[in-house]
Amino acid sequence: MEPIIKVEKLGKKYLINHEDKEPYVAMRDVITNKFKSVFSSKKNTQLHKEEFWALKDVSFDVNVGDRVGIIGRNGAGKSTLLKIISQVTEPSLGRVVIDGRVASLLEVGTGFHQELTGRENIFLNGAILGMTKREIEQKFDEIVDFAEIDKFLDTPVKRYSSGMYVRLAFAVAAHLEPDILIIDEALAVGDAAFQKKCLGKIEEVSGHGRTVLFVSHNMDTVSRLCNKAVLLKAGTVQATGNTDDVINTYLRSDFGTSARRNWINERHVPGNDIVKLREVRVHDKEFVLQETYDITKPIGVSMDYEVLKDGDVFTHSFKFYNQQGALLFTSHDATSPMRNQLRSKGIYTTTVWVPGNFFAEGTIIVWLAIIKKDPFKIYFEEADAASFTVVDYVRGDSAREDYILELPGLVRPLLQWQTTKI
Amino acid sequence: MNNRIVLEPGAKSKNYWKDIWTYRGLFYFLAWRDILVRYKQTAIGVVWSLLRPAITIAMMCFVSWVFHAQVPDGVPRVVFVCTATLPWLFFASAFGDVSNSLISNANLISKVHFPRLIIPVSTVVVSLIDFAISLFILIVLMIIFRYAPDVRILLIPVFMLFALFNALGIGLIIATLNVKYRDFKYIVPLIIQFGVYVSPVAFSSDYVYQRLPVILFGSTFLPKVLKGMYSLNPMVAVIDGFRWCILGSSMVIYLPGFLISIAVSVLFTILGIWYFRKTEKSFADVI
């Protein structure tokens, strides 16, 4: 069968302005540079630009009725790929052949106008997504029903709660009838019940023989929704095929996340002009790096960062997610004395210890950030910074004791139990 | 297959104008949005569409009066100024809106595919409606001063079309440049502020031709070249034409200048669309 989307050796180049590595810029240099750029031709200004390939040599096929998940860490080129397929931007190399009408939902509520009512926005948004007035009128009641906003139909959307806003936006997009539906992270918002409804709708859409392309960070959603997946890393395809295999490749392999990752030679270093991330490590209590941990043993997560400016105060934060993307807990630095002190320039390391008998079995993914508490500001954050696997060996000393079947739950603490006869 | 799309670098859409036609619904809804939003959360709402031109007319009358600018015989000064202020205001607001249209719809451009030309063109509708409302002032003035126009008034749409061309042509160039260099956001108000005095709003172009040589050289003779240069402003033909439609034979029009001005109008329109089409594919990457 002819594929409905054929991506062939696709490449996308961006020109980024070259950042000056000098710690300070002299006024004299600025002026001379300005003069140089005024009097010289294009050749000279090209020197300040740098090519950056967001996608390189990407090829894959999508068949009719496939639900394809596109996964990869931030900056891997997922959004660029969707933008090209949705015709928002043009490829620099290669080509895409599409046999059908495409509708894309790259952002929830694109084109919604705050001052307009829900009713007015349904028409406006529908038109933006490519529906005709007749189509919108036909689907109007269905859309209102799906969004559960009938009471607020004539209220400006600026008065809507964020949940209502998202519901309405998704409802309009969900009632498009394209051959190919492209969705980027659109479901990351909204309450659980509505997310479930959205997923149901997408399944229904693909059930009618339509093709879905779906980008998400939530592996659980991808694995439930998609039958195929494409893994991108640094603009290239690393794996394609069956969803579960691709997700496993992503989570397990060293290019997904691992017990150690450093940013010293990377292009996009998380950070700002005050502090920059250098390295993340997951280790046992002797600081030995490991990928796999006994459930009963404590686990340390360390981040190294460089302070570039004297005299600032900031603190650290970690979040831990499971393989399904569920947030297990957040931990702010509430104990280390350094969190309240003025920093001087230099390299620091901070470690958080998670006790044994706390995580459940499975892959744990680490999010980290450096934040300023007052006024609140995130200096940098990095999702999927590191990952490790927790294993319960069923020796009888964990919460599992000797029970060998599935033991559900997000965490698995070993708690004190007391039983007495009264 | 019938609706196969091939996305390639530099691929030219064969159906450029046909695509725009299929998206006419979006044109309608974007214009409708701009109209609905126009006077939200204002106390007097649509009255602004009358108040703003009325105040500008008063101001321009004052300027015209202070300079003792000559008005054709039998034409009240306020009617004379009004006939130029209305098309000028239409141009100024349409030009300003078109110039900012792309960056104010940046989220649409970077997230959704549709013919980009729809955005700037649809913003003109609001200015057109404002213009239609402001014509009410002209009608009232003509009734007060018992000034009856002749059949030439039917030609007004022709000159409005040229005003539209000017706003779109120059606006598209600035809008496109605006995507990359936000400097133009600050240049547009300057052009509008300056333009009202460069264009024959408070003075007739005939009066400019008479007074300019006196001011510049102390003689009453103005070389043809300078007359032609003044007509490079494409709004000269629009305003002169508009006045001619309403004031009739009392208006003196310098025909070569008028034709130059019309030609500049057409040139800007072609240039604007050409530059827009040349650049539009990179909008989403740059904006």
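Q: Hi! Before we look at how the chains meet, when do two strands count as paired?
A: Two strands pair when DSSP finds at least two bridges between them. One thing to keep in mind here is that this is a predicted model.

Q: Good to know. So how do β4(A) and β1 of chain B pair?
A: They run in the antiparallel sense, with four bridges between them; β1 covers residues 4-7 of chain B.

Q: Which residue stands opposite A:Val96 there?
A: That would be B:Leu7, in β1(B).

Q: And the whole contact, how many residues does each chain put in?
A: Chain A brings 33 residues and chain B brings 24. On the side of chain A that touches chain B, β4(A) gives the most, with six residues. That side divides into 15 nonpolar, nine polar and nine charged residues.

Q: Switching topic: what's the strand order in the open sheet of chain A?
A: Six strands line up as β5-β6-β7-β3-β8-β9, and their pairing is mixed.

Q: What about β3 and β7 of chain A, parallel or antiparallel?
A: Parallel: four bridges join residues 67-71 of β3 to residues 211-215 of β7. Within that pair, A:Gly69 stands opposite A:Phe214.

Q: Which strands does helix α3 touch when it packs on the sheet?
A: Helix α3 of chain A touches β3, β5, β6, β7 and β8, and its direction makes about 150° with that of β7(A).

How values were computed: Residues are numbered from 1 along each chain as its sequence is written. Chains are lettered from A and ligands numbered from 1 in the order in which they are written. This is a predicted model: local features need pLDDT of at least 70, side-chain atom pairs count only at pLDDT 80 or more; totals for chains, interfaces and linings use all residues. Helices (H or I, at least four residues) and strands (E, at least two) are DSSP runs, numbered from the N terminus. Two residues are in contact if their C-beta atoms, placed from the backbone, lie within 7 Å. Axes are lines fitted to C-alpha atoms, for helices over the stretch in contact, and angles run from 0 to 180 degrees between N-to-C directions. Ala, Val, Leu, Ile, Met, Phe, Trp, Tyr, Cys and Pro count as nonpolar, Asp, Glu, Lys and Arg as charged, and the others, Gly among them, as polar.
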